[in-house]
Structure formats: C-alpha cells, structure tokens
Amino acid sequence: MRPLRGPAAACRRVGRRALALRNEPCNPSVKLTASLQERLATLADSLTSSQRALAEHLLRHPRELAYASAAQVARELGVSASTVVRFAQLLGYDGWPALQRRLREELREGDRLVGLPPESPSFLGDYVEVQVRNVRFIATQADAIEEAARTLAAARAVWVAGDRASSFIAGFAAHLLRMLRPDVRLLAGGVSAAVDDLLDVAPEDAVWLTTMRRYSRNSVALGRYVARRARLVLLTDEVTSPLSPYADTRVYFAPESVTALRSDVGAYATAHALVLAVARHVPGSRDRLARAEALWDEFQLFHREDRT
C-alpha cells in the first residue's frame with residue numbers, strides 16, 4: 001500500500017474518481033499541519049480500507065470534515081460512526097470533536113493571507129500547472145453550467161452580484177451578459193451598496209451571485225433574501241459554502257493556488273464559459289451583438305487605424 005504524501009498528492013491521486021462522483025473543486029491550498037500529515041503517512045501501511053478512505057477524504061476535504069458530524073461522515077463514506085471516532089483516536093485525539101477543533105484552527109490560520117508570497121523564486125512553472133488544473137475542472141461542471149445557462153437565458157431580468165473580491169467577477173460577467181440579452185443589472189458597489197435595488201427583484205428573475213472564501217456576511221444575507229423571491233444561480237468555490245443551501249443551481253470553480261491566496265483564474269474562466277452557454281439559449285443574441293457593434297462604431301468607441 002502506497003504511503004499518503006499530503007493534500008496535493010491526494011488530490012492528484014483520487015481527483016479524477018472523486019470529481020467524477022461529486023464534481024467538487026480540489027483545493028490543496030488548504031493544507032493540514034506537517035504533524036498531522038506525518039501521522040497519516042506513518043500509519044498508512046496499517047490502515048484498513050475504511051480508515052484509508054477516511055484518511056484520503058480528510059486530506060481532500062478538511063473543511064467539510066471540520067464541520068460534519070461523525071454520523072454524517074460515516075453515511076457519506078459508507079462506514080460506521082464508531083469507525084470515524086476510532087480513526088480520530090488513531091491519530092492521537094480524544095475523539096472526532098477534538099480532531100475537528102484542530103482542523104478548524106488550521107483552517108482559520110489558512111484563511112489568513114500571511115502565506116501570500118511564494119516560497120520559491122521559480123514558482124511560475126508550478127503556477128501554470130495549477131491554473132491548468134483549475135481550468136480543466138470546468139469540464140466537470142458541464143451539467144450545472146447548462147442548467148444555469150437556461151435559467152439565466154429564460155429570466156425576465158438577470159441580477160449579477162458579488163461582494164468584495166467577487167464583485168470584480170460579477171462586473172466581468174454582467175459586462176458580457178449585456179451584449180447577449182437585455183435587462184442585465186449589476187448590483188454595483190457590492191451587495192450592501194445596492195440593497196434598495198432589490199426592491200425590484202421579481203419571481204420571474206434570476207440572480208447570479210459569485211462568492212468565494214472568505215464569504216462575506218452581505219453575500220450570505222443576499223442569498224437568503226433572494227432564495228425567497230427569485231431563482232439563484234451560485235458560482236462558488238466550495239461545496240461547504242454557506243450560500244449553497246439557498247441556491248437553485250450551484251456551479252463550482254477550482255481555486256487551487258501555489259500560495260495561501262486562492263486563485264480566481266478558475267472563477268473568471270467558469271464565468272466566461274457560463275456566459276458562452278447562455279448565448280446558445282438567448283434568441284437573437286447574434287443580432288444583438290451585431291447591433292452593439294454598429295452602435296460602438298457610430299460612437300467611434302474603439303481606435304481604428306483607418307480613422308484620421
């Protein structure tokens with residue numbers, strides 16, 4: 001039995017199988033402490049098949065396990081709750097709650113940006129490799145993207161929102177959507193600055209909300225509000241996002257990075273792919289684009305060499 005070699009290796013080893021089953025992003029930027037990884041590596045050869053499944057799930061989904069009960073983990077992996085508890089004890093903890101407390105401490109530390117600078121001066125090769133994986137992950141979201149595209153194309157109006165860093169992705173998406181269909185409304189200035197605009201949200205509308213860890217309170221409040229009034233399309237980075245319970249359609253992107261700062265390359269690429277999918281379902285989108293080109297030309301919006 002091969003030894004476990006840390007979260008990044010676990011993602012690569014079980015990634016295809018797990019992604020095919022659950023379509024969740026693999027995020028090895030969320031790392032366990034060296035001591036916990038060493039314990040897993042030391043015990044790898046003696047683990048039962050159930051314990052090995054727990055170990056790989058812990059390496060791959062530490063955030064999910066940090067908040068799931070022993071019974072929930074047991075149901076998901078098809079083992080007994082007592083096996084989950086004994087696994088935590090095998091790692092040196094009093095029980096599952098003690099292991100969870102340690103995981104939560106590590107995750108809170110990992111959310112801080114103190115690890116932003118890359119450790120190696122020659123990090124660009126790794127950076128490109130990571131971003132390629134992030135983009136490839138989009139293919140696992142084909143069904144969700146198609147469902148979201150149909151929702152956004154059929155809605156009376158589309159509201160696009162994102163708070164803090166996600167607001168830039170929202171602006172990018174709204175800019176592209178406006179070229180394809182009418183009644184696209186960006187909740188500009190972040191969620192809190194656009195609260196009054198929500199008065200006009202109707203049941204036949206759709207809201208495209210982008211959010212990533214660390215999730216802002218305003219985004220969670222918006223998701224909760226919209227869930228009672230319109231269809232919510234959520235673009236997010238983790239299945240454990242607090243927005244997930246409110247969404248009608250969830251599209252995930254992979255935020256893997258070479259440092260503690262999560263990458264948004266996958267978010268922009270997934271947003272772009274979703275807009276392209278919307279274009280397939282909007283009647284007259286080609287005609288609208290042609291009219292937009294004519295309008296831009298009339299106002300001489302862009303530089304052209306043949307103009308004096």
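Hi everyone, let's begin with two strands: S1, residues 158-162, and S3, residues 206-211, run parallel and are joined by 5 bridges. One spot to look for is Gly-162, which sits opposite Thr-210 in S3. Please keep in mind that this is a predicted model.

Now widen the view. S1 and S3 belong to an open sheet of 5 strands, ordered S2-S1-S3-S4-S5, with parallel pairing. Which strands stand at the edges? They are S2 (184-186) and S5 (249-252); each has a single partner strand, so one side of each has no neighbour in the sheet. From one strand to the next, the twist averages 20°.

Next, find helix H11, residues 217-226. H11 lies across S1, S3 and strand S4 (231-236), and runs at about 155° to S3.

Most residues other than glycine have a negative phi, and most peptide bonds are trans. With that in mind, look at the loop between S3 and H11, where Arg-214 is placed. A cis peptide bond joins Arg-213 and Arg-214, with omega about 10°.

Arg-164, in the loop between S1 and helix H10 (166-180), has a positive phi near 55°. Is Arg-164 buried or exposed? Its relative accessibility is 65%, so Arg-164 counts as exposed. Asp-183 has 40% relative accessibility, so it counts as partly exposed.

Last stop: Gln-100 in helix H7, residues 96-111. Gln-100 is buried, because its relative accessible area is 8%, under the 20% cut-off. Beyond its neighbours within four places in sequence, Gln-100 contacts Leu-65, Ala-66, Tyr-67, Ala-68 and Ser-69.

Key:
Residues numbered from 1 in each chain as written. Predicted model: local features only at pLDDT ≥ 70, side-chain atom pairs only at ≥ 80, totals over all residues. Heavy atoms only, no water. Helix = DSSP H or I, 4+ residues; strand = E, 2+ residues; numbered from the N terminus. Buried < 20%, exposed > 50% of the residue type's maximum accessible area, 1.4 Å probe, protein only. Contact = heavy atoms within 4.5 Å. Pairing = 2+ DSSP bridges. Axes fitted to C-alpha atoms, helices over the stretch in contact; angles between N-to-C directions.
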